[in-house]
Amino acid sequence: MHDKTTELIHHPYQAPAGFAAPQLGVYKASTVIFANTAELRSRDWKHKTGYTYGLHGTPTTFALEERLCALEGGLQCLLTCSGLAAVALVNMALLRAGDEVLIPSNAYGPSKALAEGELAAWGIGHQLYDPLQPADLAAKISAKTKLVWLEVPGSVSMEFPDLPALLRVCRAANTAQRSIVTALDNTWGAGLAFNAFDVLAEGGLGSAVVGADISIQALTKYPSGGGDVLMGSVVTRNEALHLRLKATHMRTGMGVGANDVEAVLRSLPSMALRYAAHDAAGRALAQWLSTQPEVAQVLHPALPGAPGHAHWQQLCRSGQAAGLFSVVFQPRYSPAQVDAFCDALRLFKLGFSWGGPMSLVVPYDMPSMRGKAWPYAGVLVRFSLGLEAVADLQADLQAALAQMA
Ligand SMILES: *Cc1c(COP(=O)(O)O)cnc(C)c1O
C-alpha cells in the first residue's frame, strides 16, 4: 500500500472502457505517459498513430483536426492558437530570407502587418497585388516568389476576386526549379460556401482540379461561433507540405488548450445552420440598407452590382455567403456623424472579430488602410450579423439612421 498522498496520484481505479456520449471526453495533457522505454524511444510525432507530448496532439485535438479535414475537403490539419497564428505558421514554415510572398492588397490587416514587421525584419520581402486583376498577380511573380496568399472576399471592403483565375496564374508560373505554394485565408467561406481544394474543375472530364495548396481559417469566427475562443487551423491535401508545416508548428510550440478545442468541437455540429442564419440576416439587412437614402453603396458579394458579384456566383455554387457586409455612407455624412450612428445602435455592438451570436459593427478609415486606390468618398462601416431576430436588428438600424439625419 502506498501513502494516501501517492494514492491521490497513482490510484488503481480505472473507469470502464467504452463510455459513449454525443460529445467526446476532453483530454488534457502536457505530459503523455509512455508504457515503457521502448515505446518512448520509438515515438512518432509525424502521424496520428500515437501520442508523444501535449503540444503534438491529444485525442481531443486529433478529433477536431479530423473534423476540420472533413469540413474543408483536406487530408491533414494543424491547430494554432489563433487565426493570425495560422497565417504566421504558414509564413514561418515556407519562407526564408531572400524569398518573397505576395499578399492581396485587401487582405486581413494584421496579415499585412506581419509581412511589414517580422517578415521584413527576417529578410523576407512582400508585395501587395490587386486581387481583382489576375494580370497584376502574374506581373508580380518573380523567381523569389515562394508563397502567394489569397483571400475571399477582401477584408472589410468585400470585393470578390476570381479565385480560379488567381490560382491558375500561380500554377502557370511554376517551373521545374520552383513551385509556388498557394495559401487561402478561408475564414469567410468557413469550408461551407465553397471547397478551397476544388474551386473549379477545368474543362471537362479528366482535367485538372484547381485548388489552393493550403487553407487556413480563423476558427475564432464561425466554427467557434461563440465569440469566446481564439483558434486557427491549417489544412492541406499534401503529406509533404503538411510535414513541413508540422515541423514548424512543433518547433514554435503553437499548441492549443483542450478546453478551447472542446468548445469548437461542441459548436461545429451547428455551424452550417448558424452560417445559413447569419447569411440570411446579412442579406436581408444589406438589401434593406441599400434602399436607405443615407447609404451610398452596400458591399456584399451576393448583392448584384457589388464588386466581384459574378465571381461569387461562379465560386459559391451553393449560393452561400457569410453574414458580413460593409456600407459606404453618403459623402455628406462626416466621420463624426457616422460615429454617432454607430454609438446610437443598441443591439449591434462595437467590436472586432465576427462569427458569434451578437451583431457587431466597426467604422473603418479606408483611405488610411488602402491609400489612394480606395474608390469611395463616404465613411465605411462593416456589419457582422449575429443571430438576433432580423426585425429587431432592422429597427435598431432604422433608429440609429434617424439620429444621423
Ligand atoms: C479574424 C480573422 C483572422 C484572424 O483570426 P484571429 O483568431 O482573430 O487571430 C484572419 N483572417 C481573417 C479573414 C479573419 O477574419
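Colleague: Before anything is counted, a salt bridge here is a side-chain nitrogen of Lys or Arg within 4 Å of a carboxyl oxygen of Asp or Glu. How many salt bridges does the structure hold?

Modeller: The model is a predicted one, and side-chain atom pairs are counted only at pLDDT 80 or more. With the 4 Å limit applied to nitrogen and carboxyl oxygen atoms, the number of salt bridges that the structure holds is seven.

Colleague: Which parts of the chain does the pair of Glu-65 and Lys-48 tie together, and how many residues apart in sequence are they?

Modeller: The side chains of Lys-48 and Glu-65 come together in a salt bridge, with 2.9 Å from N to O. Because Glu-65 belongs to helix 3 (residues 59-72) while Lys-48 sits in the loop between helix 2 (37-41) and helix 3, their pairing links a helix to a loop, and the separation in sequence is 17 residues.

Colleague: Is Glu-65 buried or exposed?

Modeller: The limit for a buried residue is under 20% relative accessible area. Lys-48, at 36% relative accessibility, counts as partly exposed, whereas the value of 9% for Glu-65 falls under the limit, so Glu-65 counts as buried.

Colleague: Where does Glu-66, the salt-bridge partner of Lys-48, lie?

Modeller: Lys-48 and Glu-66 also meet through their side chains in a salt bridge, at 2.9 Å from N to O. Since Lys-48 is in the loop between helix 2 and helix 3, the pair connects parts that are 18 residues apart in sequence, and the position of Glu-66 is in helix 3.

Colleague: Where do Glu-159 and Arg-370 lie, and how many residues apart in sequence are the parts they tie together?

Modeller: Glu-66 is partly exposed, with a relative accessible area of 41%. Turning to the other pair, Glu-159 is placed in the loop between strand 4 (145-151) and helix 7 and Arg-370 in helix 13 (residues 366-370), so their pairing spans a sequence separation of 211 residues.

Colleague: Which residues do salt bridges that share partners join into one network?

Modeller: Glu-159 is buried, at a relative accessible area of 14%, and Arg-370, at 15%, counts as buried as well. Through shared partners, salt bridges join into one network the residues Lys-48, Glu-65 and Glu-66.

Colleague: How many residues does each domain bring to the contact between domain 1 and domain 2?

Modeller: The division of the protein gives domain 1 (37-269) and domain 2 (271-404), whose C-alpha centres lie 27 Å apart. The contact between them draws on 36 residues from domain 1 and, from domain 2, 35 residues.

Colleague: Which residues of domain 1 lose the most area to domain 2?

Modeller: Domain 1 and domain 2 bury about 2,900 Å² between them, with 64% of it on carbon and sulfur atoms. On the side of domain 1, 29% of the buried area comes together from the residues that lose the most, namely Val-156, Phe-160 and Tyr-222.

Colleague: How many nonpolar residues are on the side of domain 1 that touches domain 2?

Modeller: The interface of the two domains has 14 residue pairs in polar contact. Sorted by class, the domain 1 side that touches domain 2 includes 11 polar and five charged residues, and its nonpolar residues number 20.

Colleague: Why is helix 7 largely enclosed by the rest of the structure?

Modeller: The buried residues of helix 7 include Leu-163, Leu-167 and Cys-170. Helix 7 (residues 163-172) is largely enclosed because, of its 10 residues, the number buried is seven.

Technical notes: Residues are numbered from 1 along each chain as its sequence is written. This is a predicted model: local features need pLDDT of at least 70, side-chain atom pairs count only at pLDDT 80 or more; totals for chains, interfaces and linings use all residues. Side-chain values use heavy atoms; hydrogens and water are left out. Domain bounds come from an automatic or database domain assignment. Contact means heavy atoms within 4.5 Å. Buried area is the accessible area (1.4 Å probe) that two parts lose on being put together, summed over both. A polar contact is a pair of N or O atoms within 3.5 Å; within protein, one must be able to donate a hydrogen and the other to accept it, and residues adjacent in sequence count only if both atoms are side-chain atoms. Ala, Val, Leu, Ile, Met, Phe, Trp, Tyr, Cys and Pro count as nonpolar, Asp, Glu, Lys and Arg as charged, and the others, Gly among them, as polar. Buried means under 20% relative accessible area, exposed over 50%, partly exposed in between (1.4 Å probe, protein chains only). Helices (H or I, at least four residues) and strands (E, at least two) are DSSP runs, numbered from the N terminus.
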